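Hi,

Here is the structure I promised to pass on.

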Amino acid sequence: MKLEEKRSMIEKIVKRYPEKESAILPALYFVQSQDNNMLSEQDVKDVAQMLGVSESKTFGVATYYTMFNEKPVGKYHLQVDTNIPATLVGAEEIVAYLEKKLDIKVGETTPEGLFTLSTVEGLGSGGTSPTVQVNATYYERMTIEKVDKLIASLKSGEMPPKDVNYNYGTECGILFKNRDKVDSTSIKTYKSNGGYAALKKARDMKPEAVLAEVKDAGLRGRGGAGFPTGLKWSFLSKEDARPIYLICNADEGEPGTFKDREVMEHDPHLLIEGIAISAYAIGSEKAFIYIRGEFAWIANILETAIEEAVADHQIADLDIVVHRGAGSYICGEETALIESLEGKRGYPRLKPPFPANVGLYGCPTIVNNVETLACVPFIIENGATEFKKIGTENNYGPRLFSVSGHVNKPGVYEYPMGTPLKNILSAAGGVNGNLKAVIVGGLSNPVMRASEIEDLRLDFDSCINAGTMLGSAGIIVMNDAVSIPKIALRTAKFYANESCGECVPCREGTYSMVYYLDKLVSGNGTKEDLNALSYLCKNIRGLTLCPGGDAAVMPIEAMLNKFQKEFEALANHKLSQNKEGASYEYHD
Amino acid sequence: MNITIKDRELEVKEGQTVLQAARENGIYIPSLCYHDRTGPAGKCRVCVVEVEGMAGLHTSCSLEVSEGMKVITDSEKVLEAQKLVVNLLLSTGKHDCLSCEQNGICELQDVAYYLGIETPAFHMADVKPEIDDSSEFVYLDHSKCILCGRCIAGCNGTVVNEVLDFGYRGHEAKVICDNDVPMGHSSCVQCGECVQLCPTGAIIDKLRRGKGRPWETHKVQTTCGYCGVGCQIDLHIKDNEVIDITGKEGVGPNFGSLCVKGRYGYHFLNDPARLKTPLIRTNGSFREASWDEALDLVAKNLNRIKQESGPDAIGVFSSARITNEENYLMQKFARATIGTNNVDHCARL
Ligand SMILES: Cc1cc2nc3c(=O)[nH]c(=O)nc-3n(C[C@H](O)[C@H](O)[C@H](O)COP(=O)(O)O)c2cc1C
Ligand code: SF4
Ligand code: SF4
Ligand code: SF4
Ligand code: SF4
Ligand code: FES
């Protein structure tokens with residue numbers, strides 16, 4: 001493609017955004033797609049020049065995100081998710097098999113340039129793991145046999161069809177009310193089941209009344225922190241001339257979480273209606289859906305649905321832009337997300353000011369999770385009282401539980417908040433093997449021993465009382481075949497790979513945790529190394545710029561404390577050695 | 001407004017941060033990524049304090065003072081956190097201070113000293129120096145970089161040369177020039193703003209390498225002689241030789257920033273070819289003369305030319321290296337004393 005054509009394409013992208021720089025990620029994607037899936041030095045220069053940003057900034061952005069390839073890749077880029085939910089069900093075996101089959105190591109390309117093999121962090125597909133992403137396409141629920149078929153097909157130049165038989169279940173029938181329907185993504189299906197009635201109802205109400213209803217419903221954010229949604233909205237100043245932005249957080253980055261995609265992939269109009277009602281309540285005329293970059297096909301589903309909604313005059317006064325991230329866990333954190341949407345590296349911002357005051361482009365901004373926004377139509381249609389009939393005190397409404405790891409039917413299950421963990425595990429087909437440990441809120445939360453979950457109810461408050469957190473409700477189940485130190489190492493690697501690197505304790509702390517855990521797991525660790533790990537966890541906590549640092553140490557600290565013996569056994573291995581091997585002195 | 005820091009009651013200004021208030025009152029709170037000109041960045045986390053009645057640790061560089069606030073800077077919790085930061089930085093960078101140019105004026109060393117850290121607590125992989133020696137005046141060693149971002153903020157925000165930024169991420173993150181090319185091959189104009197702002201020995205003035213330790217020099221503040229802006233500079237002098245020039249922080253017009261000439265163009269000071277007296281040419285060769293003799297000669301010749309050929313046979317050409325006032329006097333001299341409008345200036349080129 002000629003430079004001029006590229007320029008006019010990029011100019012079109014720019015028009016979607018209030019500020020030019022926001023187009024940097026889509027522009028980089030675009031030039032990469034025109035250059036054999038690789039970003040050359042010239043591509044970076046072109047984008048910098050076309051968007052009027054410095055070369056260093058453009059290069060800094062390109063190298064921050066994992067989905068831009070600064071080195072050539074093969075025609076088929078095989079990317080295997082090796083995050084914890086995936087390793088629990090054999091992702092590493094798949095990687096080893098691919099290495100053998102293709103006769104290359106991870107990171108290499110076959111000599112004829114057909115395949116490049118990479119491992120990647122969670123792909124938001126923990127329930128359908130192992131996943132091999134080929135270029136932009138997910139091949140989920142993979143087995144060795146399926147890998148054989150996949151490679152054979154690719155060799156003949158054909159991308160095979162995907163297996164989209166995901167497990168799911170629902171007791172509430174609210175967020176999954178259309179899950180069973182044929183053609184569930186179309187506006188016709190959506191409307192035939194009562195869709196967009198809530199939006200119409202909302203428009204007949206005053207915005208303040210809509211906000212009050214959501215507040216009364218006690219809806220708490222489903223993104224992780226469980227912050228009351230209505231309260232967050234009410235932080236917006238009433239007398240402010242600046243535009244207000246609504247951002248739907250569809251980054252779905254928390255390992256073990258793969259629920260937002262269920263809504264977007266199967267019922268995009270539910271999300272659009274939720275966004276439209278919420279935007280109306282807070283007075284926003286422009287909304288963004290920031291979706292993780294790997295969900296390219298889901299972004300297309302959303303865009304089609306938005307076009308349908310526009311054509312059907314459902315969202316005449318609202319512009320919704322779907323913006324793809326490009327591979328960064330931290331961009332799920334709301335201020336990093338805002339920076340990313342502004343076309344920058346995903347570096348979280350110092351708070352205060354909070355986004356409700358100074359957010360996107362310096363304007364008041366509300367960030368809400370997909371599932372949170374998808375609850376809004378039900379609240380408006382049926383009223384806060386009905387919503388509060390679901391769930392437990394202070395923890396109302398339905399919740400999408402992502403269940404992965406050692407269960408017989410990993411998948412997403414819609415149950416009321418406060419449902420006992422045991423019920424969810426049975427819904428997911430029961431534990432495969434003897435339960436050893438479980439993380440209930442996505443990887444960033446303290447692990448629970450089997451003995452601690454007998455009566456555990458899955459709502460925000462019960463989880464806190466039990467010493468863990470409900471977070472994004474990503475339930476990772478581990479049976480007794482699992483080595484916790486190995487899981488701890490993989491966990492540390494995830495956070496080290498994803499640390500944005502902005503602040504010291506997280507950047508160098510996660511790097512150091514990997515070093516010590518690696519030493520222990522490979523049999524070279526000592527007691528001092530274990531002490532170093534505890535010291536790191538204790539002191540990193542609460543010291544970092546964004547909650548990403550806490551997210552890294554909380555699971556590891558809990559693993560160290562609750563499965564101490566396993567770590568000590570590894571360290572004792574080395575006890576006989578003399579002190580000279582000590583790699584850490586933690587006296588003051 | 002009244003607050004207490006470290007049990008000292010202080011009167012502070014509204015809108016100030018705790019760190020600023022502490023500094024103004026001579027109380028040391030460690031800081032690395034904060035600089036007065038680049039503002040709070042929240043990156044290093046070494047400036048944390050505790051505040052009575054507020055849970056957790058707070059970065060003093062970003063925390064605004066409020067009436068009655070009681071700030072604790074030396075609790076065990078604060079010191080442990082600060083030690084963690086410094087230990088991590090020392091263990092993951094290459095900080096053997098012995099021959100580091102920044103030794104003695106390094107802000108990282110200052111914090112380590114304050115915390116009593118002799119050697120880093122963590123012993124991990126060996127770190128290799130990562131030197132970029134490609135630029136004429138600026139010398140980089142990425143292994144001493146703590147990613148505080150001050151150089152980047154200066155390059156983009158103060159001097160707006162937009163050369164530097166962060167590249168890559170996590171532990172791999174680094175300061176890059178353009179698309180990560182060596183500085184000498186980049187669009188850097190070598191203003192040295194980044195050097196001026198760097199708290200460590202990661203970006204330093206190349207010309208001063210090996211010329212003397214900071215404590216062997218004394219500083220003399222003067223005005224840069226290159227142009228009429230009048231930037232305030234500090235000459236760093238050792239044994240009567242200028243071995244470095246830095247911008248004077250906190251005073252105008254430049255508030256620390258300089259251009260390549262003012263910062264690095266001082267070689268002429270000690271050059272044997274430097275003119276120290278006026279020279280008069282007789283029979284095709286120069287001889288040294290006194291100022292009185294030289295000025296007399298010029299005056300005599302100007303008068304002669306004016307009488308023989310009229311004032312317009314004379315033209316006056318002045319310099320951008322002198323001040324506005326001096327340039328004004330020069331044209332006044334041309335018009336009023338000589339009587340010509342033939343006035344020009346090198347900056348018009
Ligand atoms: C490291 C980190 C990663 C996060 N990732 C996500 C994410 O992928 N999706 C999400 O909705 N929220 C994520 N969050 C939470 C957001 O910062 C924000 O709180 C949330 O989107 C607010 O929406 P809610 O109030 O509807 O939950 C993350 C937070 C942190 C600290
Ligand atoms: S805690 Fe980690 S992710 Fe968050 S700002 Fe610091 S380095 Fe970045
Ligand atoms: S940068 Fe500072 S701490 Fe590092 S070697 Fe130089 S003087 Fe020492
Ligand atoms: S010397 Fe000046 S132009 Fe060059 S990188 Fe440093 S601040 Fe930027
Ligand atoms: S080079 Fe110096 S100023 Fe720049 S980020 Fe590194 S330590 Fe900070
Ligand atoms: S000086 Fe405050 S965080 Fe660095």
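**Confidence first**

Chain A as a whole has a mean pLDDT of 95, with 97% of its residues at 70 or more.

Some bookkeeping. This is a predicted model, where local features need pLDDT of at least 70 and side-chain atom pairs count only at pLDDT 80 or more, while totals for chains, interfaces and linings use all residues. Residues are numbered from 1 along each chain as its sequence is written, chains are lettered from A and ligands numbered from 1 in the order in which they are written, and side-chain values use heavy atoms, with hydrogens and water left out.

**Sheets**

Helices (H or I, at least four residues) and strands (E, at least two) are DSSP runs, numbered from the N terminus, and two strands pair if DSSP finds at least two bridges between them.

In chain A, 6 strands make an open sheet with mixed pairing, ordered S5-S13-S12-S16-S14-S15. S5 (167-170) and S15 (448-449) of chain A are at its edges; each has a single partner strand, so one side of each lacks a neighbour in the sheet. S5(A) runs parallel to S13 (residues 411-416) of chain A over 4 bridges, and Thr170(A) sits opposite Glu414(A) there.

Chain B has an open, antiparallel sheet of 3 strands in the order S6-S7-S10. Its edge strands, S6 (131-132) and S10 (203-205) of chain B, each pair on one side only. S6(B) is joined to S7 (residues 138-141) of chain B by 2 bridges, with Ile131(B) opposite Asp141(B).

Thr282(B) has Ser285(B) as its bridge partner. Of the 2 residues between these strands, Asn283(B) takes a positive phi near 55 degrees.

**Cores and packing**

A nonpolar core here is a set of buried Ala, Val, Leu, Ile, Met, Phe, Trp, Tyr and Cys residues joined through side-chain atoms within 4.5 Å. Buried means under 20% relative accessible area, exposed over 50%, partly exposed in between (1.4 Å probe, protein chains only).

The largest nonpolar core has 132 residues, of which Phe122(B) and Leu164(B) touch the most other members. A second, separate core of 66 residues includes Ala198(A) and Leu211(A). Leaving out residues up to four places away in sequence, the contacts of Leu164(B) include Ser56(A), Cys151(B) and Met183(B).

Ser56(A) is one of the buried residues of helix H4 in chain A. H4 (residues 55-64) of chain A is mostly covered, with 9 of its 10 residues buried. Those buried residues pack against H2 (24-33) and H3 (41-51) of chain A, together with S8 (164-167) and S9 (174-177) of chain B.

**Ligand 3**

The residues around ligand 3 (a heavy atom within 4 Å) include His95(B), Asp96(B), Lys144(B) and Gly201(B). By class, this shell has 4 nonpolar, 6 polar and 2 charged residues, where Ala, Val, Leu, Ile, Met, Phe, Trp, Tyr, Cys and Pro count as nonpolar, Asp, Glu, Lys and Arg as charged, and the others, Gly among them, as polar.

Cheers

Technical notes
Contact means heavy atoms within 4.5 Å. pLDDT is the predictor's confidence in each residue, from 0 to 100.
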